[in-house]
Amino acid sequence: MRDLPIQILARMRSDRVLRRAAPARVPGTNGRPPRHGGEFIFGDRDSWGEPDVDSETDTRLYGRAIAWAWDRLHPRLTRRAAWADSAELPMIEGTVIRLEVDHLPSGAIPKPVWLWWSQVDACAIEVDRMWQAFLRRFDIEHTFHLLRQTLGWTCPKIRDPRAADRWTWLMLAVYAQLRLARPLAADLRRPWEEPAPPQRLSPARVRRGFRHLRAKTLSPAQAPKPFRPEPGRPPGRRNNQPTPRHDVYTATGLTTAKTPARKPTTKKSANPRPRRTG
């Protein structure tokens with residue numbers, strides 16, 4: 001994705017160690033120049049130094065949010081996994097953002113969040129935009145969870161890419177209709193859920209009252225006509241029109257004709273059952 005207009009924002013573990021840029025070479029120094037600078041240890045505050053960007057923002061859900069950012073930090077790569085066959089290991093520099101808030105909406109104890117952004121030379125406005133976009137990720141995850149688990153986005157076994165696109169657009173239309181039907185639906189909440197005004201109902205709550213909502217709204221479709229199912233292919237006749245299949249790439253590995261899949265080996269029992277002779 002180096003040539004694509006894409007920026008990567010990801011969360012990092014709090015025990016990571018990154019490296020700074022290599023310092024300038026002193027004239028008259030012999031030997032190979034260093035490729036990495038000093039260590040930036042997430043768990044060691046003394047190794048951070050002064051942040052390049054320091055911002056403070058008041059939020060509605062989290063209280064005061066303090067963001068610190070350090071520019072041009074990179075991981076020290078090794079020749080394994082994706083870089084096993086690389087002739088020269090690259091320098092992947094980015095901006096590290098540390099976000100700390102006063103409180104969480106759930107009442108849990110807030111912990112600092114470490115983010116890595118693929119861009120460098122960021123200003124305070126860009127840093128604030130990045131961590132705010134990361135917090136919006138939770139809303140996006142709930143939307144995908146509703147599409148998959150409730151609306152059945154991934155239930156049909158669609159084999160045509162164009163049909164998959166149409167089904168996805170249909171799911172988006174259904175999601176939009178659930179949003180628009182908020183004033184018409186009643187709040188059928190669970191015992192552990194808090195009451196919500198009509199303009200704040202989630203699409204899942206609107207869907208619960210769809211059986212009551214459907215009886216009050218008009219349908220532009222006509223009544224279905226009765227019909228008999230087709231007999232289908234006669235028993236014993238082969239299928240001369242097989243369904244086309246599309247290759248799917250997986251990051252873990254590919255199975256090709258040259259390298260057939262390895263058959264699973266069965267482990268022999270240490271105490272086999274005695275053979276019956278009569």
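I start with leucine 99, which touches Ala65, Ile66, Ala67, Lys111, Pro112, Val113 and Trp131, leaving aside residues up to four places away in sequence; contact here means heavy atoms within 4.5 Å. This is a predicted model, in which local features need pLDDT of at least 70 and side-chain atom pairs count only at pLDDT 80 or more, while totals for chains, interfaces and linings use all residues. Residues are numbered from 1 along each chain as its sequence is written, and side-chain values use heavy atoms, with hydrogens and water left out.

Next, the core. The largest nonpolar core has 17 residues, and Ile97, Leu99, Leu115, Val127 and Trp131 have the most contacts inside it. Such a core is a set of buried Ala, Val, Leu, Ile, Met, Phe, Trp, Tyr and Cys residues joined through side-chain atoms within 4.5 Å. Buried means under 20% relative accessible area, exposed over 50%, and partly exposed in between, with a 1.4 Å probe and protein chains only. At least two residues of this core come from each of strand 5, strand 6, strand 7 and helix 1 (124-135). Helix 1 gives the most, with five residues. Helices (H or I, at least four residues) and strands (E, at least two) are DSSP runs, numbered from the N terminus. Apart from this core lies another, of 11 residues, among them Leu147, Met171, Ala181 and Leu213.

Now the strands. Seven of the eight residues of strand 6 (residues 94-101) are buried, so this strand is largely enclosed by the rest of the structure. Strand 6 pairs with strand 5 (residues 63-73) in the antiparallel sense, over seven bridges; pairing requires that DSSP finds at least two bridges between two strands. Glutamate 100 in strand 6 is the bridge partner of isoleucine 66. Strand 7 (residues 113-117) runs antiparallel to strand 6, joined to it by five bridges, and there tryptophan 114 is the bridge partner of arginine 98.

Which residues of helix 3 are buried? They are Met171, Tyr175 and Leu178. They cover an arc of only 60° around the axis, which puts them on the same side of helix 3; the arc is that of the directions from the helix axis to the C-beta atoms. On the other side, Arg162, Arg166, Trp169, Gln177 and Leu180 are exposed. The cover over the buried residues of helix 3 includes helix 2 (137-150) and helix 4 (203-208).

Last, backbone angles. Arginine 72, in strand 5, has a positive phi of about 60° although it is not a glycine.
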